[in-house]
Amino acid sequence: MCGIIGIVGIDGKNVANNIISGLEKLEYRGYDSAGIAVVCDRRIEKLRAVGKLQNLKTKLEGNPISGSVGIGHTRWATHGKPTENNAHPITSEGVAVVHNGIIENYRELKFDLQKDGFIFETETDTEVIAHLLQREINNGCSLCKAFQKVLDLIEGSYAIAAIFSSFPNTLVAARHKSPLAVGFGEKHICVGSDVSAMSAVCCDVIYLEDGEWVKIADGNATFFDKNSNPIEPVKQKISDDLISIEKGEYAHYMLKEIMEQPSAIRKTILYNKIDKEIFHDISRILILACGTSYYAGMVAKYWFEKFLKIPVDVEIASEYRYRSPIIGKNTLAIAITQSGETIDTLEALEYVRKNSNSRVVAIANVKNSAISRVSDFVFYTEAGIEVGVASTKAFTAQLVILARMAFGNHEFLMREFQNLPAICEEALDLNDEMKHLAQRIHTANSAIYLGRGSLYPISLEGALKLKEISYVHAEGFAAGEMKHGPIALIDDNIPVICLCPHNELFEKTASNIQVALARGKNIIIFTDSEGSKLLPSETTKIILPTIHSEFAPILYAIPLQLLAYNVALMRGTDVDKPRNLAKSVTVE
Ligand code: M6R
């Protein structure tokens, strides 16, 4: 949800190109608009463009700007339409600001600033920050004092960076509930929402904690805590896997990431040893997550209750803290997240922390992310950077960790993990079949996904994948629930995509399929060779490798990702950057 970057060139060289390169890495966080501002001859120069970063790049070619101190932004609109006027950097006379987050008390602040004669030119909440800074500077405050005062006034979530025409060599930045890192290189000091944005010019990093801020000037960074006392946080090396990745031979990151799943699964198995102690004295498990990660949690409920015999609640994180949840004694809270910075999940975890003494475990893909840092223990999915907005390899890697947690006492299943990467590799061979299937269904306005047991969450995930990248309305249902209402949707045109391996629920799912077939012609079944022999011949059958039924959720997710990908291709959408979405959701 918005990416920010700020760079101070130590040797006085122009940083505009470095800012644009950084924004390329941050574009996954939002692509409603992009903008850049630099300090040049004691003036702020800025350039902004609506839409993807490419539009800003094209504009910059005709109007190059340069300066050795600058900031950049890629926007996912919250307050104000995605227009050029609302694009960041937002300025007030000699101040330019980029912001990720939401200033919740901006209305009061705006009213107050208007009384002081400040004229608002955008619909953004961010504009108050620029004017507040300008007001303090006009009042004669030092830069640090001005920034500190503004931080005391604003409420909500923010990662902000600001530059000033009257302090041309200086950049200040702060974070509260939105991620911000400070990177150090030979010739640059940077701030950014994500380390990958600065990894081209920096080798060390400091992750700011909530309330902390930094002043960068004359080749030095000075850090302060929330009370503006100087602090000396410890630098860490930027790890190699944060260095940027390319699409390589693939047309889209999403396809590349789907294809990387066998290796992501293999690495996740290899690097995660689950200590059984984690469940010691635990009488309840609480899973908190959003979107695709939430569906991983739903699958885990089936596994945990069956194998660990511990009751599990799976909660949509954005809802959790706004009711009055009862956190029982001896509860283990598990947050599942790819980005590790989803604000809903982070806030739900903080609610658990405040209201119980539960142990908190995170399953995260991004190392050192906010959620992993506030958890007592982290299991990292070893999926590598996931760039495509639609989560694919992180999801199956999350399932691998959850399955290992569940099957820990089950020798046979633990051994079976060794076969999983190879079986998933075989599922990737279905891509051609998925292209044909996509050809058949890509003009549909709507699709239904059905599954039972641990494949019910996979039907939800399959539907989400289709919705988010192809913009086709799709819904997943528990197959047995269909007759209680959704069956009214079935006609000859709507694709009904059923997940029906030959498992202990086969007969039940097969009956649900018969009921659908009696009302519609477009029934597509993902099954295995045994199941295909028994399922009606008037349906389209996609045959997956045979796998132990406990692993089916991991395997069956893969062709559904490929199907969504191919439908999106045929509908001509922007697969890696689907409309209205952002990879990491850092606003409520
Ligand atoms: O980074 P997280 O796993 O916490 O993100 C949660 C959701 O925002 C995310 O899974 C979202 O639903 C994806 N776009 C799904 O593909």
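This is a predicted model: local features need pLDDT of at least 70, side-chain atom pairs count only at pLDDT 80 or more; totals for chains, interfaces and linings use all residues.
Residues are numbered from 1 along each chain as its sequence is written, and side-chain values use heavy atoms, with hydrogens and water left out.

**Helix pairs**

- Helix α1 covers residues 16-26 and helix α2 residues 53-62; they pack at an angle of about 165°, with axes 10 Å apart.
- Helices here are DSSP runs of H or I with at least four residues, strands are E runs of at least two, and both are numbered from the N terminus.
- Axes are lines fitted to C-alpha atoms, for helices over the stretch in contact, and angles run from 0 to 180 degrees between N-to-C directions.
- α1 passes α2 in a left-handed crossing (the near helix is turned anticlockwise from the far one by less than a right angle; clockwise would be right-handed).
- In a second pair, the axes of α8 and helix α12 (residues 393-407) come within 9 Å and cross at roughly 20°, so α8 and α12 are roughly parallel to each other.
- The crossing of α8 and α12 is right-handed.

**Domains and the pocket between two of them**

- The protein chain is divided into domain 1 (3-242), domain 2 (248-417) and domain 3 (429-573), with bounds from an automatic or database domain assignment.
- The centres of domain 1 and domain 3, taken over C-alpha atoms, are 46 Å apart.
- The second largest pocket holds about 630 Å³ of space; 31 residues line this pocket, and the closest to its centre are C290, G291, T292, K583 and V585.
- Two or more lining residues come from each of α8 (291-307), β18 (331-337), α10 (343-355) and α16 (456-470), and α8 gives the most, with four.
- Domain 2 and domain 3 both contribute to the lining, so the second largest pocket lies between them.
- Its lining has 13 nonpolar, 13 polar and five charged residues (Ala, Val, Leu, Ile, Met, Phe, Trp, Tyr, Cys and Pro count as nonpolar, Asp, Glu, Lys and Arg as charged, and the others, Gly among them, as polar).

**Cavities**

- On a 1 Å grid over the protein atoms alone, a cavity is a set of points where a 1.4 Å probe fits but cannot get out; a pocket is an open set with protein on both sides within 12 Å along at least five of seven lines, and lining residues have an atom within 4 Å of a point.
- The whole structure has three cavities of 30 Å³ or more.
- About 70 Å³ lies in the largest cavity, whose lining includes W76, H79, H88, H99 and D125.
- That lining of the largest cavity has three nonpolar, seven polar and two charged residues.
- The second largest cavity has about 40 Å³ of space, and its lining residues include I441, L466, V472, P495 and V567.

**Backbone details**

- Most residues other than glycine have a negative phi, and most peptide bonds are trans.
- A cis peptide bond joins H88 and P89, with omega about -5°; P89 sits in the loop between β4 (69-75) and β5 (90-92).
- N368 has a positive phi, near 65°, and lies in the loop between β19 (359-364) and α11 (370-374).

Technical notes. Grid points are joined across faces, edges and corners, and a volume is the space filled by probe spheres set on the points. Angles under 35 degrees count as roughly parallel, over 145 as roughly antiparallel, 65 to 115 as roughly perpendicular and the rest as oblique.
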